[in-house]
Structure formats: structure tokens, C-alpha cells
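This report looks at an interface and at charged pairs. Please view the sequence and structure first.

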Amino acid sequence: MGGQVPISETPLPGIGTQYTLSTVAGRAISVVAGRDGVRRIAFYNVDDPDACGPGVRLTRAEAVALAELLAED
Amino acid sequence: MHPATLLIELGAIILGLSILGRVATRMGMSPIPFYLLGGLAFGHGGVLDLSQSDDFIEIGAEIGVVLLLLLLGLEYTAGELVTNLRAAAPAGAIDALLNAVPGFLAGLLLGWGPTAALALAGVTWISSSGVIAKVLGDLGHLGNRETPVVLSVLVIEDLAMALYLPILTALLAGVGLLGGSLTVAIALGTISIVLFLALRHGGRISKALSSEEPEFLLLGVLGLTLLVAGVADKLQVSAAVGAFLVGIAISGDVAEHAQTLLAPLRDLFAAVFFVFFGLSTDPGALPGVLLPAAALAVVTALTKIATGYWAAARAGIAKPGRYRAGGALVARGEFSIVIAGLAATSGVEPRMGPFAAAYVLILVVAGPFTARYAEPVLRRLFGPKPVPAPIEEDDDDLTPR
């Protein structure tokens, strides 16, 4: 699981790490993992492939809960 | 000196700063310009004359610079810096070329000596990582693809400062070309050794400093930093660079813990530093330099936008992202003031302080606006035209690209 999904990883010096997941349907999802444990998740725009909105801030617990929801069969 | 008067003056200053800071936050602005204006208002020739607390503020300002750079160093790990140096060196070179050169030329045009012009080059070169990181977060740009590009330019600038500051310090101290190159050699050697030690033995340094008691960690890191900063100053590598290198050498949990412990201290002394800069600047000299400072601000705002555009294009970012990267980089702030402060206290050019104060006041305020509006404005001027937002009721129907 997960091996086929393209995820790029870019360091954000001083802030954390930026992950981008590209979906088969042509959209991309951004996850910023802050060093402080905060995760930000957002969706890239359709007309501007490099921008995503401010998205949603998730605490560690919320991120885990969301991951569980998404991973459930 | 009367302790009572000292306490009253200090209390009034710090309380005043807290009010100014609140006003700034309420307006969604960086507090830096407010601290500078506060200093200008209370300084010699300002509306109020505070003289009792001069000594304390002067020493506090010195510590403020050291803490600003220490905390900056703590944010980076040596590994990050080395990887980034390899990837972003061309962007860093363009950045230096486009932004330091206008400052240098402006200095010469104003009839300043080459050393003062070199200081002004630094003022116009270095963007404010503090202001920019905050603005990127506020605007929700952290997830954008151009954001790593913006940050890597900032990191390169910070590293370049570690070379630039020793050169400037040496020249300001009046050593000749030979002495200058010796200082640069010492600085280069020190930086390489610190990066090497931090990469190989960073864990050990951090371990030696780590402590269960926050109190001892605080005292240990602060003591080591002041010591190294002092030695660096003696070697004319500049105290700020010494503190930055200590920050880089400390890594992992210890760095993170030290960051939380020292951040409030940094906030206090950095505010004192900005006030000190304002205090030692004659507000009467401001109107005379306002026009050239504003002109230079416009030019170097445009060159920063060009820098961001170029760096983002090189990273394969589309046009809108290039505009955003450019707009984000415009803000100048704390490091421009650090450089100007070095030059002003050396007395190399009397107009340095007022000129840099006016310049930074303009760009620290304008920076967040260019970060927000560079993209929509430049898009309207040069395209691509904004596409009306698609009705996103059924995203999954988009054909795979």
C-alpha cells in the first residue's frame, strides 16, 4: 500500500516538511508537517498548479484520527 | 546613575513597547517598524529624552543581536544548510547580484565612502526571514510549491551573512586589504569547522548542553553563545556570526527546547535592539534622506521580485507562483537593521542610521502587501489571466493529466 502513490517531499527550512500527493484524477494534495507537530492539509488549485489555499490546521490527534478514517476499509 | 530613575525609564519604555506591539498586531503588521518609531520618538532630538537607561539599552541591544542570530541558527540544522547550499547557490548568487549592487551604487551616488556603500549593499540585500516566514504562514502559502524556493533564498542569505558580516566588520574597523582578507580567511575557516563539527559531532555538543532542568539548559546555551560571540568579536568575525554558528551547531531536541526557552528572551532584547537603533538615530535627519531612501526601496523591491521570479522559474514553478515568490521576498527587516547598526556605531557615515531606518520602515511595511498583492497585480499586467473559479461540484470528473 502506498508504493504506487506519487508523493514528493520538500524540506521547509525552519518550518518543517512539505509533502505533495498527486492523485490519479489529476488533483494534488498538500500536507505541511510542522516541526511543532501541527499538520496543515490543503488542496492545490485547478487553474494554478503551484498554489493551495490556507487549508486546514490539524493537531496531532486530529491528524491521526483523519488518517484512521481514510485508511479504514 | 539613579536605580529608581533607571527602573522607571526602563519600565516606561518596555510598557510602551508592549502597547506599540499590540497596536501592530491589531493592524496585522510586524512590530519592528513600531519599535523603531518608538526609539526615534524617545531618542536624542525626539519628543522625550531618556538618558539614564542609555547604558543598559546599549548592552541590551548588543545581546539582542546575539539572540536574534542564535535563534536563527537554532532553526536550521547543519545538514539542511549544506543540502540547501548545493541546491540554491545560483539563486543566492542572483539574489546578491540584483539586490546588493543597487545598494552599493546608491551609497556611492550619495557620496558615501566605499565602506559605507558596502554596508548599504548589505542593508538592501538581506530579506527579513522573520517577517517573511510569518507572512507566508498568515497568507496560507506554506503548502505552495514556490514556498520552498522562497525559504531557500532566505537560508542562502543567512549563510552569506556569515561571510559578509566579518568582511564588513573588518572594513569598518579600518583594517586594510591584507587584514580584511585575513579576517575573511578566519571567518571561512571558522564556518567550515563549525559546519563540519555540527555535521559529525552535533549530537555530542547538544548532549553536553542538554539538561533535565530547563534552567540549566537556558544558562548553558546562553552562556556558551555569549562566550563564543565575544570571542568572535575579538577575532573581528563579528559577534552576530559567532552566535549564528552556535545556533547551527546545536541540533535535535536540545535545539528545539532551547528555542522555546530563549524565544521570550530574544523577543525582549530584540525589541530593545530596535529601540536602541531608533534612539541613536536623529529623527531630525529623517526628512532629508526620505526621498532617496524611498527611491532605493522601490528599486530594490522590484529587484527582489525579479529575484523571486527567476528563482521560482528555475525550480519549474508556473508564472503565478513566480510572482508570489517575488512578492514574498520584498520585506527587509531585522538583519538590515543589524548591518546598519554595525555601520552606524562605527561612525563611518552619519547618514547611515537615518537612511537605513527610513528604508527599512518603508519595506518592512510594504513587504506583507507585496507578498499579498504582487501576484494579482502582476497577473493583470502580464498574464496569465485569472481563470474564473470552476464549479467544483464534481472534481473527480476532471480527466487525468
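Lys134(B) counts as exposed, at 53% relative accessibility (exposed means over 50% relative accessible area, buried under 20%, partly exposed in between; 1.4 Å probe, protein chains only). Asp138(B) is exposed too, at 57%. Their side chains meet in a salt bridge, 2.8 Å from N to O (a side-chain nitrogen of Lys or Arg within 4 Å of a carboxyl oxygen of Asp or Glu).

## Basis of the model

The model is predicted; local features need pLDDT of at least 70, side-chain atom pairs count only at pLDDT 80 or more, and totals for chains, interfaces and linings use all residues. Residues are numbered from 1 along each chain as written, chains are lettered from A and ligands numbered from 1 in the order written, and side-chain values use heavy atoms, without hydrogens and water.

Asp95(B) and Lys304(B) form a salt bridge, with the closest N and O atoms 2.8 Å apart. This pair links helix α4 (residues 78-109) to helix α12 (residues 286-314) of chain B, across 209 residues. Asp95(B) is buried at 1%, and Lys304(B) is buried at 0%.

## Between the chains

Contact (heavy atoms within 4.5 Å) takes in 27 residues from chain A and 29 residues from chain B. There are 2 salt bridges between chain A and chain B. In one salt bridge, Asp48(A) meets Arg324(B) at 2.8 Å, N to O.

Notes
Helix = DSSP H or I, 4+ residues; strand = E, 2+ residues; numbered from the N terminus.
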